[in-house]
Amino acid sequence: GKNSEGLIKYINAVDTMIESTLNPKFKLSSELDLTLPDDNQFLIELWSKGTIKDSLIGSTTIDLEDRFYGDAFNQAKISCQLLKEYYTQKVKAEKPTSDKIQRYKRKLEEVNQRKGDVEHFEHMRKIEFRQLQRDGKKQPQGTIEMWTDIFVAVERYPQYNLKTLGQNSYELRLIVWETYNVPKAEGKTVTDSYVSATFESSDWSKDPITLTTDTHFGSKDGHGTFNYRLKFSFDLPGEPRLKIQIFDFNTLGSNEAVGGDSILLKPLCRKLRKDGKCETERVRLYLTHPNHPGEPRGEVEIQMNLVTKEEADNHPVGDAQNEPNENPTLERPTEGRGLGAYLKGTFFDPSKWSLPSFNLFGFLKYLLIIGGGLAGLGAIVVMTKFIQFLLSLT
């Protein structure tokens, strides 16, 4: 990287050359110190080893200042910290008998809860796939899978150990509980949302596995209830990751991706091997979309339980809300389901139908008059036909 003072720091990994492959797996992790705010640029280059001269394959650049101050995760942490300090001061300033102190304490508890949700997934790094570009080439020269974390010095976390783990088989049980604040698609007055989870491995020979929940129709505030279990089986070694997205369902056109996030699963595997179990609390993921930078794109509340294949075989659970429905028991939601919810926001929305107000006895009176008139008209027609019949006999 290079800052405003012209200081350049290098990480040279020449000794990590991998031969005869189009998909090298370097598994490298490094640290650099920097000062913010400052114009720090992080340049990553991939080179091809030559007999006489090495050649540049492609590169990508990350603006570390923008990454730190513009990252939604860091913004959430900073916001929670400021709110915590604000309400803590309010509680200290009020008298113990004040009516306001209980309100401030409740607000402080809410802030602490949200701060806990944000920090719970702090160790699950956000993976990104960056295209490698080179001057004179219009097409990308490859893709690099990586992540970049920026910590305040006092909050520094240990580096990840990216060495390949031993061969193991696992089952990931993902529970999608609820969604919140899902934005409406253009031209729609409600959201018809479902959650998609895609399991991806670094093994290019294996296709991604995508599972989806059912659809919560007709939500006016972007809230959806699912209580839906999705299961994925996979083996290590590998670099498994889970991509979670919210889609807006369309009957005629294609379903629209609203927002998403990626979770690296290997830390969960390490926790399982270390502690003998790995189950997360219910936490919210705050989703983003590359076409809407800096704009919140909904939240999804999930819970994950990782078990070994042996444990999965001995204590199986069902998909969705199917049996065996345990650990935990999932209730099948009724809100947002059914024909009425499906038709919400459309021309056929039953909530838009209304009958004019009328007097019941007046309505019956007119009904009798109309019925009597029709009966009399029918009698006249029958009599006319009978007279015509008699005349035909003469």
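**Entry 1: strands 10 and 11**

Two strands pair if DSSP finds at least two bridges between them. With that in hand, I opened this predicted model and went looking for a pair. I found that strand 10 (residues 241–248) and strand 11 pair in the antiparallel sense, over eight bridges. I picked out one of them: Gln 245 has Gly 260 of strand 11 as its bridge partner.

How many residues of strand 11 are buried? I noted seven of the nine in residues 256–264, so strand 11 is largely enclosed by the rest of the structure.

**Entry 2: the nonpolar core**

Next I looked up the largest nonpolar core, which has 32 residues. Those with the most contacts inside this core are Leu 174, Leu 242, Ile 244, Val 300, Ile 302, Met 304 and Leu 306. I then asked which elements supply at least two residues each. Among them are strand 5 (168–180), strand 6 (191–200), helix 4 (266–275) and strand 14 (299–308). Strands 10 and 11, my pair from the entry above, are also among these suppliers. Which strand gives the most to this core? I wrote down strand 9, with six residues.

**Entry 3: cysteines**

I searched the whole structure for disulfides and found zero. As a reminder to myself, a disulfide is a covalent bond between the sulfur atoms of two cysteines. The cut-off I needed here is 2.5 Å between the sulfur atoms. I checked burial too: Cys 269 is buried at 0% relative accessible area, and Cys 278 also counts as buried, at 4%.

**Entry 4: salt bridges**

Side chains of opposite charge can pair when their charged atoms come close. I counted 12 salt bridges in the structure and followed some of them.

- Lys 49 and Asp 54 meet through their side chains at 4.0 Å, N to O. Lys 49 counts as exposed at 54% relative accessibility, while Asp 54 is partly exposed at 31%.
- Arg 282 pairs with Glu 178, and their closest N and O atoms are 3.7 Å apart. Arg 282 lies in the loop between strand 12 (278–279) and strand 13, and Glu 178 lies in strand 5, so this pair ties together parts that are 104 residues apart in sequence. Glu 178 counts as buried at 16%, and Arg 282 as partly exposed at 35%.
- Asp 248 and Lys 188 meet at 2.8 Å, N to O. Asp 248 sits in strand 10 and Lys 188 in the loop between strand 5 and strand 6, so here the parts tied together are 60 residues apart in sequence. Is Asp 248 buried or exposed? I found Asp 248 buried, with 1% relative accessibility, whereas Lys 188 is partly exposed at 22%.

I also saw a network of salt bridges that links Glu 145, Glu 200 and Arg 241.

**Entry 5: backbone angles**

Most residues other than glycine have a negative phi, and most peptide bonds are trans. I went looking for exceptions.

Asn 181 has a positive phi, near 55°. Asn 181 is in the loop between strand 5 and strand 6, and counts as partly exposed at 49%. Asn 227 has a positive phi as well, near 50°. Asn 227, though, is in strand 9 and is buried at 14%.

Where are the cis peptide bonds I noted? One joins Glu 323 and Pro 324, with omega about -5°. Another runs from Asn 327 to Pro 328, with omega near -5°. Pro 324 lies in the loop between helix 5 (309–314) and helix 6 (339–342), and Pro 328 is also placed in the loop between helix 5 and helix 6.

**Entry 6: before strand 1**

Last, I turned to the segment before strand 1 (41–48), where Leu 28 lies. Ile 18, Phe 26 and Leu 28 make a nonpolar surface patch of about 240 Å². Leu 28 itself is partly exposed, at 44% relative accessible area.

Asn 23 is found in the segment before strand 1 too, and counts as partly exposed at 39%.

Methods: Residues are numbered from 1 along each chain as its sequence is written. This is a predicted model: local features need pLDDT of at least 70, side-chain atom pairs count only at pLDDT 80 or more; totals for chains, interfaces and linings use all residues. Side-chain values use heavy atoms; hydrogens and water are left out. Buried means under 20% relative accessible area, exposed over 50%, partly exposed in between (1.4 Å probe, protein chains only). Helices (H or I, at least four residues) and strands (E, at least two) are DSSP runs, numbered from the N terminus. Patches are made of residues with over 30% relative accessible area and no salt bridge: like charges are joined within 9 Å, nonpolar side chains (Val, Leu, Ile, Met, Phe, Trp, Tyr) within 5 Å. Accessible areas come from the Shrake-Rupley method with a 1.4 Å probe; for residues, only the protein chains shown count as cover. A nonpolar core is a set of buried Ala, Val, Leu, Ile, Met, Phe, Trp, Tyr and Cys residues joined through side-chain atoms within 4.5 Å.
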